[in-house]
Amino acid sequence: MRRVVVVAALAAAVIAVSIDVAPAQERVVNVYNWSDYVDPAVLKEFTAKTGIKLRYDTYDSNETLETKLLAGHSGYDVVVPTSNFLQREIAAGVFQKLDKSKLPNLKNVWPKIAEGLTAFDPGNQYAVDYMWGTTGIGYNVKAMRARLGENAKIDSWDAVFKPENLAKFKDCGIHMLDAPTDIMPAALHYLGLDPNSTKPADLERAADLLAKIRPSVRKFHSSEYINALATGEICFAVGWSGDILQARNRAKEAKNGIEIGYVIPKEGAQMWFDAMAIPKDAPHPAEALAFINFMLDAQMAAKNSNFVAYANGNLASQKYIDKAVLDNNGVYPDAATIAKLYTVRAWAPAPQRLINRLWTKVKTGE
Ligand code: N2P
C-alpha cells in the first residue's frame, strides 16, 4: 500500500515537471502587418484553432518595414510589403521561398491577382497576395458640396493637382499619404508622364507640381487620416481605398452625420498589391506558413475584407464577402475602371535617392 502511494507521488511529480516545461514548446508566430488591415476576430480565431500564440505588430509605411528587413534579424515571421517594395526586397535576398506544400489554401487564390503579382515576384515563389487596392481621393461629402455646389462631384485628379481647387478644402483640413511611391507616380501621371518614370527631369516636374499644392496640405501621414476623416477633423485626403472606406464606416457607426466618399479619379490611379512573405531569418517558419495558410482560408479572407474594406486576392472568399463590399467600385473596381489603373515598379537606388530628396523638400515646403 505504502509503495503504491510512493509510486503515485512520483508519477505526480513527473507530470508536474512535464507541465512545467510545456511553455518552452509553446508555438508562437510574430506577424508584422499594416495598421487597420485585419479583423481582430480573425486573429483570435487563428490562436483558438491552431494553438499558436500570435504576436502582432503594425506599421504604416513600407519604408519602416524595409528598414527592419534590410537590417536583418527583425524577429518577424510574416510581413506584408507592397508589390514594388516586395520586388526589390526579394532581389536583396531578405525572403525565403514559400513551401507551397504547407499552403493547401493556395487553392483559393484568385489567379488574376496572383498573375498581377508575378511582375514583382516571378513565379509567385516568395509571396502570396493578402489585399490589394488603389490610391485615390477621400472627401467629406457635405464639405465638398458646401464648397463646390450642391450638384458637384469629385471625379478627377484636378481636385488635387490644380492648386486653386485643392485650396478650397484647406480650411476644413487636408491630409496626404506620406508615401512617395504613391504620390510621386500620381503627380507624374497627372502631368501626362509615365508614372514609372525615373528621369530626373520628370521627377523634378512632379515635385514642382507637389510644391504648388503643398501650402494647402495640413499633414503628411499614412494612417491618421482614417479617424480624422471619420470625426470631421479633416475633410479631404489622398489615401488608400480601404482606409477611406473604413473612415466612412466609422462615421456611419458613430452616427455623427458625416458622410465620406472615395473616388478613383477618372484619369486612372495606382493599383497595388500587398503580399505576405516570410523573412529568410524568420525564427518560426513553420508557424509563419500556418498563419499564411489561415489567412488564405476563404471565410477568414472574407471576414478581413468585410472589416477593412480592401479587396483580397482570394477568389473563393467572394461568396462570403458582403454584397456592399463586393459591389463597391472603390473596393472591387469594374473592368472599365481596372483598365485605367497603373502599377508602380520598384525604384533603383539612384532614382530612390533623388526621390527621397525631393520628397523631403515637398513635405517641409522648403
Ligand atoms: C492599410 C493600408 C495598406 C495599404 N491601412 C498600403 N498598401
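D171 counts as exposed because its relative accessibility is 57%, where exposed means over 50% relative accessible area, buried under 20% and partly exposed in between (1.4 Å probe, protein chains only). The side chain of D171 meets that of R147 in a salt bridge with an N to O distance of 2.7 Å; the term denotes a side-chain nitrogen of Lys or Arg within 4 Å of a carboxyl oxygen of Asp or Glu. D171 belongs to the loop between α8 (163–167) and β5 (174–176), and R147 to helix α6 (residues 141–148), so that the pair links distant parts of the chain, 24 residues apart. Helices (H or I, at least four residues) and strands (E, at least two) are DSSP runs, numbered from the N terminus. R147 itself is partly exposed, with a relative accessible area of 28%.

The model is predicted: local features require pLDDT of at least 70 and side-chain atom pairs pLDDT 80 or more, whereas totals for chains, interfaces and linings use all residues. Residues are numbered from 1 along each chain as its sequence is written, and side-chain values use heavy atoms, leaving out hydrogens and water.

The structure holds twelve salt bridges. One of them joins E66 to R88, with the closest N and O atoms 2.7 Å apart. Because E66 lies in helix α3 (residues 62–71) and R88 in helix α4 (residues 83–91), this pair ties together parts that are 22 residues apart in sequence. Both E66 and R88 are buried. A further salt bridge connects the side chains of K219 and E224 (2.9 Å, N to O). K219 is partly exposed, at a relative accessible area of 32%, and E224 counts as partly exposed at 32% relative accessibility. Salt bridges that share partners also join E45, K49 and K303 into one network.

The axes of helix α2 (residues 40–50) and helix α14 (residues 298–308) come within 9 Å and cross at roughly 155°; axes are lines fitted to C-alpha atoms, for helices over the stretch in contact, and angles run from 0 to 180 degrees between N-to-C directions. The two helices are therefore roughly antiparallel to each other, a label for angles over 145 degrees.

Aromatic residues provide another set of links. A search of the whole structure finds 18 aromatic pairs, defined by ring centres of Phe, Tyr or Trp (its six-membered ring) within 6.5 Å, with planes under 30 degrees apart counted as stacked, over 60 as edge-to-face and the rest as tilted. Y32 and Y59 form an edge-to-face pair, 4.6 Å centre to centre with 65° between the planes. Y32 is in strand β1 (residues 28–34) and Y59 in strand β2 (residues 53–59), 27 residues apart. Y32 is buried at 3% relative accessibility, and Y59 is buried at 3% as well. Both residues are part of one aromatic cluster, whose members include W34, Y130 and W272.

Helix α9 (residues 180–190) is mostly covered, with nine of its eleven residues buried. Among them are A186 and A187, both touched by F161, which also touches Y190, L209, L210 and I213, not counting residues up to four places away in sequence. F161 lies in helix α7 (residues 158–161) and is buried at 3% relative accessibility. After α9 comes G192, whose phi is positive, near 80°.

Technical notes: Parallel < 35°, antiparallel > 145°, perpendicular 65-115°, else oblique. Contact = heavy atoms within 4.5 Å.
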